[in-house]
Amino acid sequence: MKPSQAVQQRRGTDIVVTSAGVLHPAATTVAELDRVLRRGEPALRATSVPGSGGELAIPAAHLDAFDLRSWAQDHCDDLPSRRRLRRVASRATLPVQTACCVALSACTAARLTSAEARDTSVVIAGNNLALTHQSRTATAYAADPSVIRAGHLLDCFDTDALGAVGEVTGCGGEGWPIGGSSAAGALALIHATRMVATGQSPRCLVVAPVNDLSPVEISAFAKAGAMARIAADGDATAACRPFDESHDGFAAAHIAAAVLIEPASQAYRRGIRPLGRILGSGTGTDGRRGTQPDTDGQIRAMRTALSDAGLAPSDIDYVNAHGTGSAIGDDSEAAALSAVFGAGEGAVTEATAAERAVTEATAPEEAAVEGPWINSTKALLGHGLGAAGLVEAVATLLQLTGGYCHANPRLAKPVRADLRFVTDTITGVPLPAGLSNSFAFSGINACLVLGRTTEEDSP
């Protein structure tokens, strides 16, 4: 695909992602995340949870060894900031600690002055963040009520992340905690973009802390059939297979991310080339309770995002799919992608097994399938729940800027033959514009259209 005139015309007028911070067991910086994506190897390992028939082996990426002091020593060169981080967050929950770390990384990379930080708004993505802490606290209280400390008044509310991030970074503009389950990261970024676009805030720091599920929630996911299982060979890296016919669930992950967004002129004035541009967004709800995805709702959100960006489906070169690895979720999203980006760009159609077999037998090359390249970052990092949409927006921008699509190494038999999935090979290709999808329980759909920056963007 060639860059469309619409994408070209928006250069210099966009709201941009100036900087970012990330935290994952396999990547503690944006540069490390880029290397993980380029390697295309799943960063998952085996863990276990109680099941009805005994312990269940599942794939996961957990920050079991995370230590705030060590992170500060390794990633924070400014001594006053390091001391402030330790003072504010040393006794906080894991979600709050990770939020402070990635927020500090993003603000440092953005080179904000103290005055600029004071005017910067903060949006926290996610809800029910510290469930492990809550579970442990409830258990301790049941055994001995006297062990509960007064500080639990902060720990039990997600707003603690908002206050802690503000104190660590110096950001003192508007503050918003935004829930939305697995769509929270995207929803927070969309809300922040609207604030900046309408002049309500000169810039905004969007922070997605770790969603720390307790064994209770993990067990419930496993019993519901939503969480991937590890096969008898014990290979955790092969367990999460988005869009493959053998998919059987997602892999839970501890992920935190933060981005700073602002008008492009501000970033360039500080001598920073942004990570990318926010071109448009689309959100919507299905109007019903439950876990069942709605293909029509997903189609509407994607088309709304494209319309908001002033782009046609043919202008999109890459899709970072929600793609969790659950059968029902992947199948619904694949059908929606086919409706939006397929040859007909019309009604949803189902490719039967027989049709796929004919296509595989007659198509000489995978590249014969038209449309945008499609992959799922969850195949490599796992599912960060509330943080997923934000870290995947960063992953999308890294791929647009780097001109590559990361591999989905366990995608051997795609669920549809009419979509151009990236499989086990990293694909190098120019990518001016991409779409990032986030879909959540209770029918929450959020889509972002993102664009790369080039040397020509600099004023």
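Q: Which residues touch the most other members of the largest nonpolar core?
A: In this predicted model, they are Leu-33, Leu-189, Val-206, Val-259 and Ile-261, in a core of 58 residues. Helix α10 (residues 184-197) gives the largest share of this core, nine residues. Apart from it lies another core, of 36 residues, including Leu-23, Ala-92, Val-122 and Leu-260.

Q: What is Val-259 in contact with, leaving aside its neighbours within four places in sequence?
A: Val-259 is in contact with Val-17, Ser-19, Ala-20, Leu-189, Cys-204, Leu-205, Val-206, Leu-390 and Val-394.

Q: Why is α2 called roughly perpendicular to α17?
A: The axes of helix α2 (residues 30-39) and helix α17 (residues 388-402) cross at roughly 70°, coming within 10 Å. Angles of 65 to 115 degrees count as roughly perpendicular, so α2 is roughly perpendicular to α17.

Q: Which residues of α2 and α17 meet?
A: From α2 they are Val-30, Leu-33, Asp-34, Leu-37 and Arg-38, and from α17 they are Val-391, Val-394, Ala-395, Leu-398 and Gly-402. By class, this contact of α2 with α17 has seven nonpolar, one polar and two charged residues.

Q: What makes the pair of Arg-277 and Asp-14 a salt bridge?
A: The closest N and O atoms of Arg-277 and Asp-14 are 2.5 Å apart. The rule asks for within 4 Å, so the pair counts as a salt bridge. Arg-277 lies in strand β9 (residues 276-285) and Asp-14 in the loop between α1 (5-9) and β1 (15-23), so the pair ties together parts that are 263 residues apart in sequence. Both Arg-277 and Asp-14 are buried.

Q: Why is Asp-155 called buried, and why is Arg-149 called partly exposed?
A: Asp-155 has a relative accessible area of 7%. Buried means under 20%, so Asp-155 is buried. Arg-149 has a relative accessible area of 35%. Partly exposed lies between the 20% limit for buried and the 50% limit for exposed, so Arg-149 is partly exposed. The side chains of Asp-155 and Arg-149 meet in a salt bridge (3.0 Å, N to O).

Q: Which residues are linked with Arg-270 in a network of salt bridges?
A: The network links Arg-270 with Glu-116, Arg-203 and Glu-262. In the salt bridge of Arg-270 with Glu-262, the closest N and O atoms are 2.5 Å apart. Arg-270 and Glu-262 are both buried.

Q: How many salt bridges are there by this rule?
A: The count comes to 13 salt bridges.

Methods: Residues are numbered from 1 along each chain as its sequence is written. This is a predicted model: local features need pLDDT of at least 70, side-chain atom pairs count only at pLDDT 80 or more; totals for chains, interfaces and linings use all residues. Side-chain values use heavy atoms; hydrogens and water are left out. Axes are lines fitted to C-alpha atoms, for helices over the stretch in contact, and angles run from 0 to 180 degrees between N-to-C directions. Helices (H or I, at least four residues) and strands (E, at least two) are DSSP runs, numbered from the N terminus. Angles under 35 degrees count as roughly parallel, over 145 as roughly antiparallel, 65 to 115 as roughly perpendicular and the rest as oblique. Contact means heavy atoms within 4.5 Å. Ala, Val, Leu, Ile, Met, Phe, Trp, Tyr, Cys and Pro count as nonpolar, Asp, Glu, Lys and Arg as charged, and the others, Gly among them, as polar. Buried means under 20% relative accessible area, exposed over 50%, partly exposed in between (1.4 Å probe, protein chains only). A nonpolar core is a set of buried Ala, Val, Leu, Ile, Met, Phe, Trp, Tyr and Cys residues joined through side-chain atoms within 4.5 Å.
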